[in-house]
Amino acid sequence: MDMEGSWARAAGEKQWIYDDVGSGEPILFIHGLGCLRSAWAPQYELMNGYRLICPALRGHDESPVIENISLAAFARDIIELMDKLGIENAHICGLSLGGLVAQEMYRMAPERVKSLILVNTFAYIPRPVAEASLWRCYWKLGVMTTKVYIEQVINECLFNLFNPDLRKQLRSAFYIRRETYMPSAKAGAYADFRDLLPEIKVPVLLIGGSHDRVTPPVLQTSMYRKIPCAEIEILPRTGHMSNIENAKDFNRKVRWFLERK
């Protein structure tokens, strides 16, 4: 996304791709599997009061880094970016795969996290369910063009399937890199943060979509029961990409949560 505040900075061989807009307390927004950092564009209204930093995960977007795809590597990259930007700690908001990366960041460096906003995500799914999901992805990528695959993903993500504006927004939010997509999916599918949840000491906001078929709200509800200082919001008539499909309510819930914390 070409805009003021979009940067690609190198330090030695390390390179980060990120957007940095607004001013105030920093919020790091971590995108989901196969998404661009521009998937957070509907949240840019929050830059009236907050500094929004939207990095591209390795293997995604324009990131030149395609090796060592793992939750730990994703989390380390973002912590190093915080170091580079001189950010001691920040509010961390992650959607789907990004929510898993946010949990991994808290496990690795809890002192860097002011609060967690975990969106349309989970802490654990049983291995047979994970393997079945991965198999479906492998199969679809093997028989579909990238364009058709993205349309399938959109169908799975949206509640309002026939809204042309929403479909257009989601098309612009996804970019499938075939060499890194499945390693990234596998990194997320086998995540297990069940032991971490009771140890989280910062405020947590869980956001789900009432009609999310990818990460159903029961997954966020199970997390809510285990995190001591959590709040939960299930947005009505909303699918997996709640920050896009229900951006108005999403932004309102996030701002309300942060202002109270």
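In which loop is the place of Asn-68? In this predicted model, Asn-68 sits in the loop between strand S3 (48-55) and helix H1. Its backbone has a positive phi of about 50°, although Asn-68 is not a glycine. Most residues other than glycine have a negative phi. With a relative accessibility of 46%, Asn-68 is classed as partly exposed, because that value falls between the 20% and 50% limits.

A positive phi, near 45°, is also found at Asn-120, again a residue other than glycine. Asn-120 belongs to the loop between strand S5 (113-119) and helix H3. Its relative accessible area is 0%, so Asn-120 is buried. A further asparagine, Asn-246, occupies the loop between helix H8 (242-245) and helix H9 (247-260). Asn-246 counts as buried because its relative accessibility is 13%, and the limit for this class is under 20%. When residues up to four places away in sequence are not counted, Asn-246 touches Leu-235, Pro-236 and Thr-238.

The largest nonpolar core comprises 87 residues. Within this core, the residues with the most contacts are Ile-92, Val-101, Met-105, Leu-116, Ile-117 and Ile-200. Helix H1 (residues 71-85) supplies the largest share of the core, eight residues. In soluble globular proteins, nonpolar side chains tend to be buried together. For Ile-92, with neighbours within four places in sequence left aside, the contacts are Leu-28, Ile-30, Ala-102, Met-105, Val-113, Ser-115, Leu-116 and Ile-117.

Helix H2 has twelve residues, and the distance from its first C-alpha to its last is 17 Å, close to the 16 Å expected at 1.5 Å a residue. The helix is mostly covered, with ten of its twelve residues buried. Those buried in H2 are Leu-97, Gly-98, Gly-99, Leu-100, Val-101, Ala-102, Gln-103, Glu-104, Met-105 and Tyr-106. Of these, Val-101 and Met-105 are also among the residues with the most contacts in the largest nonpolar core, and Ala-102 and Met-105 are among the contacts of Ile-92.

The largest pocket holds about 780 Å³ of space. Its lining consists of 35 residues, of which Leu-33, Ser-96, Ser-133, Cys-137 and Val-214 are the closest to the centre. Two or more lining residues are given by each of helices H2 (97-108), H3 (127-143), H4 (146-157), H6 (178-189) and H7 (217-224). The largest share, seven residues, comes from H3. By class, the lining of the largest pocket contains 23 nonpolar, eight polar and four charged residues.

Across the whole structure, three cavities of 30 Å³ or more are found. The largest cavity contains about 110 Å³ of space. Among the 13 residues that line this cavity, Gln-15, Trp-16, Ala-56, Arg-58 and Asp-77 lie nearest its centre. Strand S2 (14-30) and H1 are the elements that give two or more residues to the lining. S2 gives the most, with four residues. The lining of the largest cavity divides into eight nonpolar, two polar and three charged residues.

Conventions. Residues numbered from 1 in each chain as written. Predicted model: local features only at pLDDT ≥ 70, side-chain atom pairs only at ≥ 80, totals over all residues. Heavy atoms only, no water. Core = buried A, V, L, I, M, F, W, Y, C linked by side-chain atoms within 4.5 Å. Buried < 20%, exposed > 50% of the residue type's maximum accessible area, 1.4 Å probe, protein only. Contact = heavy atoms within 4.5 Å. 1 Å grid on protein atoms, 1.4 Å probe; cavity = no way out; pocket = protein on both sides within 12 Å on 5 of 7 lines; lining within 4 Å. Points joined across faces, edges and corners; volume = space filled by probe spheres on them. Nonpolar A, V, L, I, M, F, W, Y, C, P; charged D, E, K, R; others polar. Expected span 1.5 Å × (residues − 1).
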